[in-house]
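Open the structure in your viewer and keep the selection tool at hand. This tour tells you what to select next and what is there.

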Amino acid sequence: MNLKAKLFHNKLIHMHHDHILFFNRFKVKVTAKRRSSFIGLSFISLWIVGYLIFALYPIVYSFYLSLFKVRLDGGAIDLTFEGFNNFAAAFLYDPYFVEILVEYVLEMLLNVPITIVFALIIAMLINQPIKGKGIFRTIFFLPVIITTGPVIRELMNQGATTLPSIDEYSIIDLVITNLNSAIADPLQALFDTILLVLWFTGIQILIFLAGLQKIDKEIYEASMIDGAGPWESFWKITLPQIMPLITVIVIYTTVSMSVFSLNEVIIYIQNVMLGESTVGTLTTGYGYSAALAWIYFIVMVLIILLFVGLLSIRRKSRV
Amino acid sequence: MMKLSALKKELQNMPKSSGMKRMRKILFGMKFTDGLFYKVSVYMLLIALSYIYLYPMLYMVTGSFMSMEDIIDVAVKWIPSSLNFENYSIVFTEIAYLRSLIDGIYLAIVPAISATVSAALVGYGFAKFDFPFKRTLFVLMIMTFIVPPQITMLPMFRMFSQYNLLGSIRAFVFPAILANGLNAAIFILIFFQFFRMVPKSLIESAELDGANAFTIFIRIILPLAIPSIIIVFLFSFVWYYNETYLSGLYLRGSDLLSLPLRIDQYISNFTSIYPEGSPARERMQAVKLAGNILTLLPLLILYFFTQRYFVESIDRTGITGE
């Protein structure tokens, strides 16, 4: 009690029931609203401090570093201002980075829609009145629990991420060799990584499933009486209802695939940062790797914006 | 209307209808989606997809039991000729599995608990109080999810090395306790959605009884939030346990390693000793699979008992809109 009295009744802070006196001079009225915002801010103060230290500061600092050539002398850090040269060097003098970046963009443009389509199909299958829903849900969610960099890398090395039947029965090969390479190459890539793509659908399936279960069953019955088949009711009822979810899923999928530790680009960025990959004098070190990370981030945001833009165009044209 | 009358007619004709018609009805049902044909195709598709999903797991499990002869023998593709635990015992002793497992769980559980506590506090603050710039702060919080760790890892790496946090679990606990750990935005969102549903009258009546905000949170709000707490803790635990990118950076060369990293390190040491194409190198394939199974085993056991919470999680983020 004594401690409490000392804490709240001293020269700095003097608390009364209707006002607080700071430094014996500044009187601040205590209102219910102010008290509530003070308590609210104290609850999120943990996050504010954390945000400043572990998000805002690193983000600003890494952008700052990306404008410099950084040399480390023991503990000291030696900076030479370069302007946007690091960014320019990434595109002009670093063919490897450009190559893996383009590959990454193409991969995202292909894999994200496939992930979403498969997740939606699987969610709709599970949403049917069938037995063993729980078992299927458990199976399809399992990869979320066990997908880690080392495990996936091992499976890829041993060729367990492509379906054996695709390799063994050469039907697909036959189809692919008879197609134009512009169509066949992405198709081949798709079959090679289909398993990996499917393993990224766990969370998305659950999101779709939750959305599908919220759609009123009566709407389907009403449309059925009006003569709509399953195909029509999918395009006219299901899809518009879950459209907002697709935006969320696009963002989630793109981000989770982009930060997955086996992504070529992020491996390269880390190698540059640790000085394990050197291309030229400029294209090395902390400053350069910070620039690469920023380019990567910007490209990722552009991809997300592209998808979200496409989705909103579709929605507008439908309304 | 046309359809309805046709339906009625069909119903009247039912007893007289031919076997062909009845067959068709069993196969395709009244409205296609209730027919046998439809049901069977749904099950077939689901089973086929399950096989695709489980294939890598099956591959790992069967491969991990293969002996040297099985790997070399082309005839043995799927089922090992004998159940041999040799691969497991190699990994088990070489990496001191039990100690590594305890290390791995320790590295996951402490940050996970910190992340759960901080996410609950922050989620409650956002859900139940009004303060200036609340919307801005909330948007900033969600945005942290999009920023890839590659942006922040470099300054963080320097910061941690300055304060001697590299190679220590504190490099993970500090961000977690300040609600900026791995995927913290998702966890805060889960709590935010839950606390928003807690009726205001409950809090107000406790206030009338003289409880202060913190007491209300501990004594009344938290007991209600137990399912959310379990979900956040489980996800956080799994993600920290599986995390290899940042831990590879922060724990590099230290004694404390997460289990996936430890196995990874052991394998790369082992492979560098034996030349390409030697039998021992071939053998490594099976040993690696056994190592992976041993890494995943704790998670599989956890998932087996708690999968209900995992699959319920999405409803709790509220992204489907309430």
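Start in chain A with strand S1 (residues 13-15) and strand S2 (residues 19-22), which pair in the antiparallel sense over three bridges. Here strands are DSSP runs of E, at least two residues, and helices are runs of H or I, at least four residues, both numbered from the N terminus. Two strands count as paired if DSSP finds at least two bridges between them. Select A:Ile13; its bridge partner in S2(A) is A:Phe22. Three residues lie between S1(A) and S2(A), and the two strands form a hairpin.

A note on what you see: this is a predicted model, in which local features need pLDDT of at least 70 and side-chain atom pairs count only at pLDDT 80 or more, while totals for chains, interfaces and linings use all residues. Residues are numbered from 1 along each chain as its sequence is written, chains are lettered from A and ligands numbered from 1 in the order in which they are written, and side-chain values use heavy atoms, with hydrogens and water left out.

S2(A) and S3(A) run antiparallel, joined by four bridges. Find A:Ile20; A:Val28 in S3(A) stands opposite. S2(A) and S3(A) also form a hairpin, with three residues between them. In that turn, click A:Phe23, which has a positive phi of about 50 degrees.

Now select chain B. Of its 322 residues, 49% are buried (under 20% relative accessible area, exposed being over 50% and partly exposed in between, with a 1.4 Å probe and protein chains only). Take the contacts (heavy atoms within 4.5 Å) in chain B between residues at least 6 apart in sequence: 72% join residues at least 24 apart.

Show both chains together. The contact takes 89 residues from chain B and 92 residues from chain A. In chain B, select B:Tyr53, B:Leu154 and B:Arg158: they lose the most area to chain A, together 10% of what that side buries.

Finish on B:Asp264 and A:Arg153, whose side chains meet in a salt bridge at 3.3 Å, N to O (a side-chain nitrogen of Lys or Arg within 4 Å of a carboxyl oxygen of Asp or Glu). The count between chain B and chain A is one salt bridge. Then highlight helix H3 (residues 36-64) of chain B, which gives the most to the side of chain B that touches chain A, with 18 residues.

How values were computed: Buried area is the accessible area (1.4 Å probe) that two parts lose on being put together, summed over both.
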